[in-house]
Amino acid sequence: MRNVNADTLTDLLLALSGPDTDPRLQEVLTSLVKHLHAFTKEVGLTHAEWRKGLELLTRAGEITDAERNEFVLFSDVLGLSSLVDMVNSPSDCTSSSVLGPFHILGAPDLPVGGDMIGDNEGPQVVVEGRVTDQSGAPIEGAKIELWQTADNGLYSNQDTAQSEYNLRISMTTGADGRYALSTIRPAPYLVPTDGPVGDLLNATGRHAWRPSHLHFIVQAEGYRSLVTEVFPSDDPYLDADAVFGVRADLVMEYRPGDHAALADDIAARDELAEGFSKVDFDFVLPPA
Ligand code: BEZ
Ligand code: FE
């Protein structure tokens, strides 16, 4: 290998894998190495630039802990997280979208029709829909997790003024596949910019705003789990999401609500303020 050069290094490296290497690992690694090497040659990467890149990754490691993962955030702002979603989303089902760093396990159960508003301030909304398969048949026993920001644009785990599970619930669909709840409208917010991701956004003149959204995880036996987000059609950042999470089928209208038209099981029915909104959104799951 003493004659290795820029023309032979890539193939030499790839030939080093042993015969027991997992075929999929070899496929992914081969492509990754080829693209990395080709990129280095294409831009004529300098030592200073290479060091700067490694420094960025080192700082990402230093700032990452159990609560915050700067590598995931890099993946998000570089569009990699969304690209992985896109290449893995069947076209005739609800699109998946980024999980984000603010999901926590153990959200309390809420019955269908239950109220999540509690003491939260902000515009009120009733969100309702069905979980179905691709033929439109309802899925019974689907578990839905929902989490969102309060009116101040903060999740409960970013804000000591909120209780641990504020604006986080888990709900199980009945035989009709239906879910329904009352909540408040989430607010747009900034992704964290106090680490190396913020430096990258700054250096390239990019903003850090995400349009407001409701996060959902929908799981049902026999179906692929869905991690997604649902966005209001009038959000000012809908076409400028810093992490590329918006898909056309995930945009919904907040229509004017009508107390008399609400289903009987909407627990907050009589307490909802005039001017509340209604949102209808169905989830379509692909088979496992
Ligand atoms: C979020 O939606 O919670 C989120 C997603 C990506 C980066 C930061 C936040
Ligand atoms: Fe979010």
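**Start: strands 11 and 12**

Select strand 11 and strand 12. The two pair in the antiparallel sense, over 2 bridges. (Two strands pair if DSSP finds at least two bridges between them.) Strands here are DSSP runs of E with at least two residues, helices are runs of H or I with at least four, and both are numbered from the N terminus. Now pick P256: S277 in strand 12 stands opposite P256.

Before going on, a note on what is on screen. This is a predicted model, in which local features need pLDDT of at least 70 and side-chain atom pairs count only at pLDDT 80 or more, while totals for chains, interfaces and linings use all residues. Residues are numbered from 1 along each chain as its sequence is written, chains are lettered from A and ligands numbered from 1 in the order in which they are written, and side-chain values use heavy atoms, without hydrogens and water.

Stay with strand 12. It also runs parallel to strand 2 (residues 124–132), joined by 4 bridges. Click V126 to find one of them: its bridge partner in strand 12 is K278.

Next, select L262. It sits in the loop between strand 11 (255–256) and strand 12 (277–280). Is L262 buried or exposed? L262 is buried, because its relative accessible area is 7%. (Buried means under 20%, exposed over 50%, partly exposed in between, with a 1.4 Å probe and protein chains only.) Draw a line from L262 to P23: the C-alpha atoms are 55 Å apart in space, and the residues are 239 apart in sequence.

**Zoom out**

Show the whole protein chain. Its C-alpha atoms fill a box of roughly 80 × 40 × 30 Å along the principal axes. The chain has 6 helices and 13 strands. Of its 288 residues, 42% are buried.

**The iron site**

Select ligand 2, the iron ion. Which residues coordinate the iron ion? They are Y155 and Y189, each through OH, and H213 and H215, each through NE2, at 1.8 to 2.1 Å. (Donors are N, O and S atoms within 2.8 Å of the metal, or 3.2 Å for Na, K and Ca; water is not among the atoms, so sites may look incomplete.)

The site has 6 donor atoms, with angles of 55 to 168 degrees among them, and is irregular. (Four donors are tetrahedral if all angles lie between 85 and 135 degrees; four are square planar and six octahedral if opposite donors are over 155 degrees apart and all others between 65 and 115; anything else is irregular.) Along the sequence, the donor residues follow the spacing Y-x33-Y-x23-H-x1-H. Y155 and H213 link distant parts of the chain, 58 residues apart. Y155 is in the loop between strand 3 (143–147) and strand 4 (168–172), and H213 in the loop between strand 7 (209–210) and strand 8 (214–219). Both Y155 and H213 are buried.

**Ligand 1**

Now select ligand 1. There are 13 residues around ligand 1, and D76, Y189, R210, H213 and H215 come nearest.

- Y189, at 2.5 Å.
- R210, at 2.6 Å.
- Y155, at 3.5 Å.

On its own, ligand 1 has 270 Å² of accessible area, and the protein covers 100% of this. (Areas come from the Shrake-Rupley method with a 1.4 Å probe; for residues, only the protein chains shown count as cover.)

Strand 9 (residues 226–232) runs parallel to strand 10, with 2 bridges between them. Pick P232 in this region: its bridge partner in strand 10 is M252.

**Two positive phi angles**

Most residues other than glycine have a negative phi. Select L167, in the loop between strand 3 and strand 4. It has a positive phi of about 60 degrees. L167 is buried, with a relative accessible area of 2%.

Then select F244, in the loop between strand 9 and strand 10. Its phi is positive too, near 65 degrees. F244 is partly exposed, because its relative accessible area is 39%.

**Last stop: T183**

Select T183, in strand 5 (residues 178–184). T183 is buried, with a relative accessible area of 0%. Its side chain makes a polar contact of 2.7 Å with the side chain of Q148. (A polar contact is a pair of N or O atoms within 3.5 Å; within protein, one must be able to donate a hydrogen and the other to accept it, and residues adjacent in sequence count only if both atoms are side-chain atoms.)

Terms used: A residue is near a molecule or strand if one of its heavy atoms lies within 4 Å of it.
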